[in-house]
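Open the structure in your viewer and keep the sequence panel beside it. This tour goes from one selection to the next and says what is there.

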Amino acid sequence: QVQLVESGGGLVQDGGSLRLSCAASGRTFSSFTMGWFRQAPGKEREFVAAISRSGGLTYYADSVTGRFTISRDNAKNTVFLQMNSLKPEDTALYYCAADATRIPYGSMWYEAPENYDYWGQGTQVTVSS
């Protein structure tokens, strides 16, 4: 069993920054493909960013490219999401997700929530205007 625990959410003003963390346990972290997704009230869950097992490949939704950065520290079993230049439309519950069984292929693979077997409980990010 894999446990994912997100932290770092909060209330920030338009243009501000936050850094989300997701700590994983239960299996070898370096075997996980990791992703961040978010869900705003009344909307479907959407892809934000993903990172390959080694950290050598990263993928971003168009809406966050240039503002968000995903990274991982395999020695600390943690994945991060640095969020800069936050906008009110970034307000959502942010989820960390992990997959340890599939072989990713192509950027679209990382964007599909059904490719991730494990999910955290989420951390709320609220951006005020």
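This is a predicted model: local features need pLDDT of at least 70, side-chain atom pairs count only at pLDDT 80 or more; totals for chains, interfaces and linings use all residues.

**Stop 1**

Zoom in on strands 7 and 8. They run antiparallel and are joined by six bridges. Pick Ile70 and look across to strand 8: its bridge partner there is Leu81.

**Stop 2**

Select strand 4 next. Six of its seven residues are buried, so the strand is mostly covered. It has partners to visit in turn.

Start with strand 9. Seven bridges join strand 4 to strand 9, and the two run antiparallel. Click Arg38 to find one of these bridges: its partner in strand 9 is Tyr94.

Now turn to strand 5. Strand 4 and strand 5 run antiparallel, with five bridges between them. Met34 stands opposite Ile51 in strand 5, and Trp36 stands opposite Ala49 in strand 5. Follow the chain from strand 4 into strand 5: the two form a hairpin with six residues between them. In that turn, Gly42 has a positive phi of about 80°.

How much of strand 5 is buried? Five of its six residues are, so strand 5 is largely enclosed by the rest of the structure.

Ile51 has Thr58 as its bridge partner in strand 6. Strands 5 and 6 also form a hairpin with six residues between them. Stop at Gly55 in the turn, where phi is positive at about 90°.

**Stop 1: the nonpolar core**

Show side chains for Leu4, Met34, Trp36, Val79, Leu81, Met83 and Tyr94. These have the most contacts inside the largest nonpolar core, which has 39 residues. Several elements each supply at least two residues of this core, among them strand 3 (18-25), strand 4 (33-39), strand 9 (92-99) and helix 1 (107-111).

Centre on Leu4. Beyond residues up to four places away in sequence, Leu4 touches, among others, Cys22, Met34, Cys96, Tyr118 and Trp119.

**Stop 2: the aromatic rings**

Select Phe37, Phe47, Tyr59, Tyr95, Trp109, Tyr110, Tyr116 and Trp119. Together they form one aromatic cluster. The structure has nine aromatic pairs by the rule used here.

Take Tyr95 and Trp119 first. Their rings are edge-to-face, 6.4 Å centre to centre, with 80° between the planes. This pair links distant parts of the chain: Tyr95 is in strand 9, Trp119 is in strand 10 (residues 118-119), and they are 24 residues apart. Tyr95 is buried, with a relative accessible area of 11%. Trp119 is partly exposed at 25%.

Move on to Trp109 and Tyr110. This pair is also edge-to-face, at 5.3 Å centre to centre and 80° between the planes. Trp109 is buried at 6% relative accessible area, and Tyr110 is buried at 5%.

The charged end of Arg45 sits over the ring of Tyr95, 4.0 Å from its centre. The charged end of Arg19 sits over the ring of Phe80, also 4.0 Å from its centre.

**Stop 3: the loop at Gly15**

Finish at Gly15, in the loop between strand 2 (10-13) and strand 3.

Which residues does Gly15 contact beyond its neighbours within four places in sequence? They are Ser85 and Leu86. Last, draw a distance from Gly15 to Val127. Their C-alpha atoms are 8.5 Å apart in space, while the residues are 112 apart in sequence.

Note on methods:
Residues are numbered from 1 along each chain as its sequence is written. Side-chain values use heavy atoms; hydrogens and water are left out. A nonpolar core is a set of buried Ala, Val, Leu, Ile, Met, Phe, Trp, Tyr and Cys residues joined through side-chain atoms within 4.5 Å. Buried means under 20% relative accessible area, exposed over 50%, partly exposed in between (1.4 Å probe, protein chains only). Helices (H or I, at least four residues) and strands (E, at least two) are DSSP runs, numbered from the N terminus. Contact means heavy atoms within 4.5 Å. Rings of Phe, Tyr and Trp (its six-membered ring) pair if their centres lie within 6.5 Å; planes under 30 degrees apart count as stacked, over 60 as edge-to-face and the rest as tilted. A charge sits over a ring if NZ of Lys or CZ of Arg is within 6 Å of the ring centre and within 35 degrees of the ring normal. Two strands pair if DSSP finds at least two bridges between them.
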